[in-house]
Amino acid sequence: MTYDIVLAGVGGQGVLSLSGIIAAAALEEGLFVKQSEVHGMAQRGGAVTAHLRLADAPIESDLVPVGRAAMILSLEPLESLRYLEMLAPDGAVVTAAAPLANVKDYPPIEELLTAIRTLPRAILVDAAGLAQAAGLAQATNMVMAGAAAPLLPIRVGTIERSVRARFGRKGAEVVERNLAAFRAGQEVARCTAKQ
Amino acid sequence: MSARVLLGDEAVALGALHAGITSAYAYPGTPSTEILEYILQRGGADAYGGDAPVAAWTANEKTAFEQALGVSMAGRRALVAMKHVGLNVAADPFVNSALLAISGGLVLAVADDPGMHSSQNEQDSRLLADFARVICLEPRNQQEAYEMTREAFELSERFGTPVMVRLVTRLAHSRAVVRAGEPEAQRPIAHPEDSRDWILLPANARRRWRTLLERQPAFHAFTGTTPHNELQIAPGPLGVITAGIARNYLRENVADLAEAPSHLHVGAYPIPAALVRRLVERLETVLILEDGYPYVERAVRGLIPPRVAVIGRESGHLPPDGELTPDTVREALGLPLRCSGPIAPINVPDRPPQLCAGCPHTDSFHALERALAGLPRGIVTSDIGCYTLAALPPLSAIDSCVCMGASIGMAKGASDAGVRPAVAVIGDSTFLHSGVTPLMDAVAADTDMTVIILDNEVVGMTGAQPTLLPSSRLPALLLGLGVNPDHCVVLDAHPRRTTENAARVRREIEHRGLSVVVAARVCVEAARSRKRMHKETVGTS
């Protein structure tokens with residue numbers, strides 16, 4: 001089993017911490033993990049990507065090959081379309097809906113969201129709204145971890161433990177709000193998948 | 001044995017800590033920065049007996065290398081880390097160090113950036129190891145990054161030369177599980193047996209150079225037998241030589257080939273010539289897969305009979321530039337590309353990096369733009385750092401970016417050539433790295449030019465490392481260099497002061513001689529993380 005994820009977002013959105021949560025859970029389940037990251041200049045408000053590879057056997061390449069990603073997990077809608085060539089024909093795009101329009105020729109948001117909805121397997125998540133409802137506006141990446149969770153080859157409970165471990169230091173309330181955000185994302189994915 | 005998840009950079013750092021280094025030195029530079037950061041954070045926890053090594057950011061890569069050399073001269077182990085272009089700065093001590101009788105293990109970890117993710121070129125450090133005539137180890141994964149770094153210290157001591165460990169961005173910045181061994185203790189001080197081996201007067205240098213040349217067969221004997229260079233002969237007509245992480249891309253695809261190729265993996269240089277010759281004995285074609293320059297490819301052409309076709313980056317079978325990917329390697333192996341998902345239903349515009357919201361550099365560039373308004377077209381040279389992003393719209397404020405410190409020398413040259421105004425824009429850390437010496441030239445000639453030092457108190461681009469000299473001491477340094485006190489100005493780079501700053505910069509541009517303007521305000525990212533750390537400290541006390 002190999003499960004390749006291409007994570008996408010804009011520098012500063014927390015792509016690496018989202019990847020880290022999933023990677024930690026995969027390791028806890030005894031999977032092999034490689035996580036290729038972007039550091040340096042690109043992190044300054046530019047397009048950022050991480051390649052996360054999970055497998056039950058040793059992993060060779062740090063990079064996901066073209067056409068092999070089971071999932072594109074994006075924190076920003078435009079970024080969810082940037083790496084589509086990486087996606088396997090039956091792969092899923094899971095993306096937050098709120099645009100971060102810091103470039104001049106950013107497409108009109110309705111056009112963009114419609115384009116995403118036309119993809120064969122797309123889960124569009126109002127991550128910002130759900131994070132707000134969970135009482136922690138900055139927890140959008142936890143909503144997205146939740147939205148990705150039902151599709152991953154990892155038990156959801158293991159990912160929850162990974163979320164707990166990450167925020168445990170910050171107190172019970174922060175942990176609970178992050179978990180609430182995580183579960184809200186999970187719910188969206190579950191309902192979208194049924195359609 | 002303990003298992004942990006580490007970046008390639010961090011695996012190098014842990015390897016060095018477990019090898020019992022006494023010191024580690026580096027100048028921050030993507031993709032190498034995390035090597036020293038790890039040692040700074042984990043030195044005490046991971047070193048033998050909690051005996052943390054000295055770990056320090058340095059003024060530049062040359063001073064880093066020279067400090068490591070001093071540690072080695074004292075018989076103790078030292079690591080020096082830098083990015084590929086940093087090795088140009090450190091090339092003088094590096095190349096000369098190969099002639100010394102290295103006693104304490106001296107390891108240079110250098111991270112190349114094929115694809116130029118965060119660099120101005122994609123030069124290949126393996127050629128510099130060759131140039132210096134020393135051994136280079138090239139790990140293919142995080143585990144090897146750990147093991148090879150440890151081994152590099154032993155090799156350095158066994159052969160009495162420095163050893164290079166070469167990484168590329170993809171390994172430096174990728175995480176995987178690393179199984180670590182037991183740490184070793186630091187070495188005691190041991191003075192050189194013969195000080196002439198460290199004094200490169202021509203008479204000594206000639207003797208030491210012969211010693212280095214006489215060692216080359218021993219280097220070849222090592223690379224011909226080390227398990228890092230692994231030969232597997234298969235019956236078919238195709239052979240592949242991989243170097244470093246290229247092996248992973250081969251293995252990612254090899255199962256799809258009709259028959260497995262013969263394979264030589266190179267993880268240790270000098271290139272194992274005998275293994276190359278054995279590989280090609282019955283081959284028709286050998287494909288070379290390597291990240292960086294066609295270094296192995298060129299060498300192999302000179303080692304084997306012309307009946308064997310050597311294909312790779314130089315022959316056009318792989319792209320001559322950029323980093324390898326599992327896909328470019330797949331194509332070079334003659335395999336069809338895998339089917340991929342849908343094509344983007346709309347046009348996806350590029351999203352280049354940009355200066356952060358509230359960045360003080362933006363305000364400095366606005367002030368400069370206004371100061372230059374209405375003047376004839378001059379030149380604004382710039383330098384390496386976040387502020388290079390001012391090259392992009394909407395600022396489009398600079399005319400050059402070449403190498404650390406170049407802005408000042410280039411502005412002087414432009415001024416000497418008759419261009420006015422001639423302005424150099426350089427960050428505080430870049431100024432300390434390589435801007436002080438060209439400023440001496442400008443002071444000596446009182447060149448008609450204006451230097452603007454963007455002082456944000458940190459090394460911004462690489463993650464807000466501290467600069468060596470606190471901002472408050474910059475003016476004293478400038479005056480000490482002989483900058484005219486009437487034209488040495490410190491401005492507050494705040495948006496509410498843009499108008500007055502612009503007026504002051506204009507006056508300095510109009511001054512017919514050298515002016516230095518320090519535009520000071522702390523990096524917004526650094527300010528934010530300082531606040532966060534303060535909050536956490538207060539919260540826990």
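I count two residues as in contact if their C-beta atoms, placed from the backbone, lie within 7 Å. I am working from a predicted model.

**Entry 1: chain A against chain B**

I looked up the interface first. On the chain A side I find 45 residues, and they touch 41 residues of chain B. I then asked which elements of chain A give two or more residues to this side. They are strand S2 (32-36), strand S5 (87-96) and helix H2 (109-117) of chain A. I sorted the chain A side by class: 23 residues are nonpolar, 12 are polar and 10 are charged.

**Entry 2: a strand pair across the interface**

I followed S2(A) over to chain B. S2(A) pairs with strand S8 (residues 174-180) of chain B. The sense is antiparallel, and I note two bridges. Which residue of S8(B) stands opposite Gln35(A)? I find Arg175(B) there.

**Entry 3: domains of chain B**

I took the bounds from the domain assignment. Chain B has domain 1 (2-184 + 198-225), domain 2 (230-332) and domain 3 (360-527). I looked up the C-alpha centres of domain 1 of chain B and domain 3 of chain B, and they lie 34 Å apart. Their contact takes 11 residues from domain 1 of chain B and 12 residues from domain 3 of chain B. On the domain 1 side I list six nonpolar residues, five polar and no charged.

**Entry 4: H15 and H16 of chain B**

Next I checked a helix pair. Helix H15 (residues 406-416) of chain B packs on helix H16 (residues 428-445) of chain B at about 20 degrees, with the axes 7 Å apart. I therefore log H15(B) as roughly parallel to H16(B), because angles under 35 degrees count as such. The crossing of H15(B) and H16(B) is left-handed. From H15(B), I find Ile408(B), Gly409(B) and Lys412(B) in the contact. H16(B) gives Gly435(B), Pro438(B), Leu439(B), Asp441(B) and Ala442(B). By class I get four nonpolar, two polar and two charged residues.

**Entry 5: H1 and H4 of chain A**

Last, I looked at a helix pair in chain A. The axes of helix H1 (residues 15-28) of chain A and helix H4 (residues 140-148) of chain A come within 9 Å. They cross at roughly 40 degrees, so I log H1(A) as oblique to H4(A). What is the hand of the crossing of H1(A) and H4(A)? I have it as right-handed. Ser17(A), Leu18(A), Ile21(A) and Ile22(A) of H1(A) meet Asn141(A), Met144(A) and Ala145(A) of H4(A). I class five of the contact residues as nonpolar, two as polar and none as charged.

Terms used:
Residues numbered from 1 in each chain as written. Chains lettered and ligands numbered in written order. Predicted model: local features only at pLDDT ≥ 70, side-chain atom pairs only at ≥ 80, totals over all residues. Domains from an automatic or database assignment. Nonpolar A, V, L, I, M, F, W, Y, C, P; charged D, E, K, R; others polar. Helix = DSSP H or I, 4+ residues; strand = E, 2+ residues; numbered from the N terminus. Pairing = 2+ DSSP bridges. Axes fitted to C-alpha atoms, helices over the stretch in contact; angles between N-to-C directions. Parallel < 35°, antiparallel > 145°, perpendicular 65-115°, else oblique. Left-handed = near helix turned anticlockwise from the far one by under 90°.
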